[in-house]
Amino acid sequence: MTWFDRLRNLATELWPFARWPILIGIGFMVGYVLPYTLVLDHRVKTRVTEIDFTQPTRVYARPQLLAAGVPMDKATLALELKLAGYTEAAKVAEVPGTWSADGSTFVIASRGYMDPVGGELPRRVRVVLGSGRVQSVLDLTSHKPLRKTHLDPARIATMYGAAQEERIVEKLAELPPLLVEGVQAVEDRGFKNNHGIDVSSIARAALADLSAGHIVQGGSTITQQLVRNLFLDRNQTLVRKFNEALLSILLDAHYSKAQILDAYCNEVFMGQQGSQAVHGFAAASWYYFGRPVQTLRPQEIALLVGMVRGPSYYDPRRYPRRALARRNVALAAFHSTGLLNEAQWQAATAAPLDVTATPQLVVDRFPAFMEVVRGQLKQDFSDAQLRDGGLKVYTTLDPAAQTYAEQAVDETLDGLGKRGHGIEGAVVVVDPANGDVLAMVGGRKSDLHGFNRAYDARRPVGSSLKPFYYLMALTNPARWNVASPLDDAPVDLKLPDGKLWAPQNDDHQTHGEVPMVDALAKSYNLASVHLGLTLGVQRVAAFLRSFGLKDVGANPSILLGAVDMSPFQLAQLYEFIADDGHALPLLTLRGVLDAQGHVIKRYAVQPGKGQYQQAASLVRWMLQQVTQYGTAAAIGSSSLAYLHAAGKTGTSTQQRDSWFSGFTGDRLAVAWMGRDDNKRTHLWGATGALQVWMKLFEKLPAAPLTTAFGPGIQYAWVDPATGQGSLPQCGGARQYPFIDGYVPAVQNHCYLQRLENIFTGGSGHPPATGSVNLPAAGQPPAGAHP
């Protein structure tokens with residue numbers, strides 16, 4: 001009897017007992033497994049076809065300009081680099097995203113970037129600082145001087161969708177080849193040949209784990225890992241295992257190996273920060289190393305590949321020894337599969353982990369500024385676009401200016417001690433040349449979301465408003481000039497409601513007739529009110545409304561600043577003066593790129609020809625006198641005197657609000673201090689907000705404000721008591737700027753004084769009392785200030 005006959009006889013004997021299980025099995029396969037497989041097949045095709053990895057919207061600061069002459073110091077440049085996620089190198093910076101310093105010389109290996117106006121490629125540069133500014137910039141590759149370069153901008157916020165996933169989608173061809181091949185060498189060496197599952201790999205892993213006594217090798221293929229991430233939960237059940245195997249086979253049947261690997265590299269879980277999960281190697285590269293995945297070295301690629309096994313267990317920041325050991329396992333796999341030669345393997349194994357100290361994952365670094373950014377973005381983009389569209393938003397924020405502004409508010413409030421309890425502060429910093437908002441502090445707790453006093457609070461601005469109707473007067477040079485006498489006499493004005501309005505000076509004194517510049521510098525209320533009444537309250541109110549202000553009533557009290565404004569709005573007003581009559585809207589946004597890097601929105605304004613430019617220049621000069629001998633003379637007598645800053649203090653009724661608005665050659669800042677309950681602060685503009693402004697500019701590099709005038713303005717000597725032209729030899733004569741053609745005729749020839757000088761041997765050049773001679777822009781002042 002042949003073996004076939006024996007087998008047939010056995011089957012005949014067993015059939016009565018086996019037929020029902022076999023028939024039931026066939027029925028189960030046809031009635032359940034086959035339909036179930038078809039359902040899973042449809043799910044696989046639908047799910048993978050619909051895969052559109054959600055990417056959050058990332059928000060960036062503005063790129064830091066580095067060019068000869070740009071104001072900069074060592075502390076600020078180091079801070080800019082830190083906030084942009086750069087790491088200080090142990091020696092000389094070589095790797096993108098690192099920097100080193102030797103005294104005032106910095107070597108920076110930039111990462112490159114792309115933004116709405118172009119961007120820059122990665123490069124190594126040497127930046128030399130000196131005298132508070134950049135002295136030179138040299139490209140270390142070409143060894144040629146650079147006219148300018150930029151640091152890639154700091155990431156300042158992220159707008160996540162419901163999934164809270166941090167992901168940067170990169171196509172397979174854009175990833176480093178070592179990463180693509182390395183993940184296969186470590187996770188699934190048979191990936192190119194298996195059909196979604198690999199029985200031999202599972203068996204091999206089981207033997208390795210048994211030999212080691214713990215899990216050392218995974219048995220899942222790359223396809224199975226992707227299936228787990230896309231379709232399944234983490235429950236360890238037989239049903240889930242069955243589903244995983246079946247789905248892996250189906251996935252492998254429908255999609256190419258490249259498609260599966262592409263999805264895997266963008267989906268793999270790589271870490272967690274709070275509620276944000278980091279997915280994909282590209283996002284992990286920024287999270288752990290602070291730079292693009294394309295710039296990673298072999299040891300860094302090996303760390304990421306090794307961490308796939310357990311990102312939390314092998315977290316290099318929390319468990320560096322585990323991470324190092326796991327990285328070296330991955331490097332050994334790279335070496336054994338020929339991806340690294342002997343020398344490369346040895347060098348990579350000897351290298352440290354080199355992860356950044358803090359995760360490069362920013363949720364919302366500057367809440368007050370971001371509130372304004374979000375408000376503007378929502379006018380142009382839907383909520384869905386902002387949550388999941390992978391947009392890149394480029395703002396105007398200067399991270400160093402923001403940090404210094406926050407510190408200035410904190411230090412000033414802390415310096416008040418118990419008197420500072422309940423007092424809040426706010427700051428807005430602007431580049432007056434283009435209206436870019438560089439910093440915004442909304443309150444004492446600047447790192448928390450809450451009421452944004454810089455943008456949303458409306459408080460009386462006090463004397464901060466005076467320069468604007470002084471400007472109105474100066475637009476009529478035939479009638480007014482900076483030497484025009486103003487009557488600082490009592491005012492008793494009967495209002496339409498029958499009440500008597502009788503304002504006073506802060507010192508409760510009157511000062512007779514004073515030159516316009518002194519009335520503004522010393523903030524004399526009575527002189528200012530007389531000027532405003534002469535101009536007409538209706539005209540003053542209309543002029544203020546022309547700046548977009550609302551709720552400006554034509555009441556005499558507006559002449560003393562009874563207009564509620566936010567620091568942001570006041571900065572908008574002062575930008576007009578700081579930019580010599582160019583009214584530019586304040587911007588927080590520069591532009592937006594889509595997920596593919598295409599520009600979809602630019603935010604920019606083109607300045608016009610300007611208005612009242614000569615009058616604005618004269619007001620700027622008068623505001624410089626405020627910081628020399630007026631209510632903000634603390635600036636002129638401090639180490640900030642070289643800035644020749646212009647500014648104006650403001651104090652509202654009963655000292656409820658303290659204001660200072662001041663600008664240099666390239667920076668404008670408005671500071672406010674007050675209480676949310678509107679109670680008295682016991683602070684003047686000079687004792688509160690001015691201190692915030694000074695602390696800010698003690699750290700913030702800034703260009704001095706020019707003391708020169710453009711065409712059409714000339715200096716002349718006048719008698720300040722009368723406003724009439726005089727001679728330099730005359731006692732008390734002061735030199736003031738005037739618009740060409742409107743210089744006062746010389747009336748005071750001081751003959752008697754000159755004759756007296758002849759007989760007494762006087763020099764004939766008595767000092768000009770009260771006058772201020774500003775040194776050349778950029779030079780520290782010589783001597784004391786009045």
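Student: What should I know about the model before I start reading?

Tutor: The model is predicted, so local features need pLDDT of at least 70 and side-chain atom pairs count only at pLDDT 80 or more, while totals for chains, interfaces and linings use all residues. Residues are numbered from 1 along each chain as its sequence is written, and side-chain values use heavy atoms, with hydrogens and water left out.

Student: Which residues touch the most other members of the largest nonpolar core?

Tutor: In soluble globular proteins, nonpolar side chains tend to be buried together. A nonpolar core is a set of buried Ala, Val, Leu, Ile, Met, Phe, Trp, Tyr and Cys residues joined through side-chain atoms within 4.5 Å, where buried means under 20% relative accessible area, exposed over 50%, and partly exposed in between (1.4 Å probe, protein chains only). Here the largest core has 151 residues, and Leu77, Ile108, Val127, Leu377, Met622 and Leu696 touch the most other members. Apart from it lies another core, of 53 residues, including Val186 and Leu353.

Student: How many aromatic pairs are there?

Tutor: Rings of Phe, Tyr and Trp (its six-membered ring) pair if their centres lie within 6.5 Å, and planes under 30 degrees apart count as stacked, over 60 as edge-to-face and the rest as tilted. By this rule there are 15 aromatic pairs.

Student: Is tyrosine 455 buried or partly exposed?

Tutor: Tyrosine 455 is partly exposed, with a relative accessible area of 31%, whereas phenylalanine 568 is buried, at 12%.
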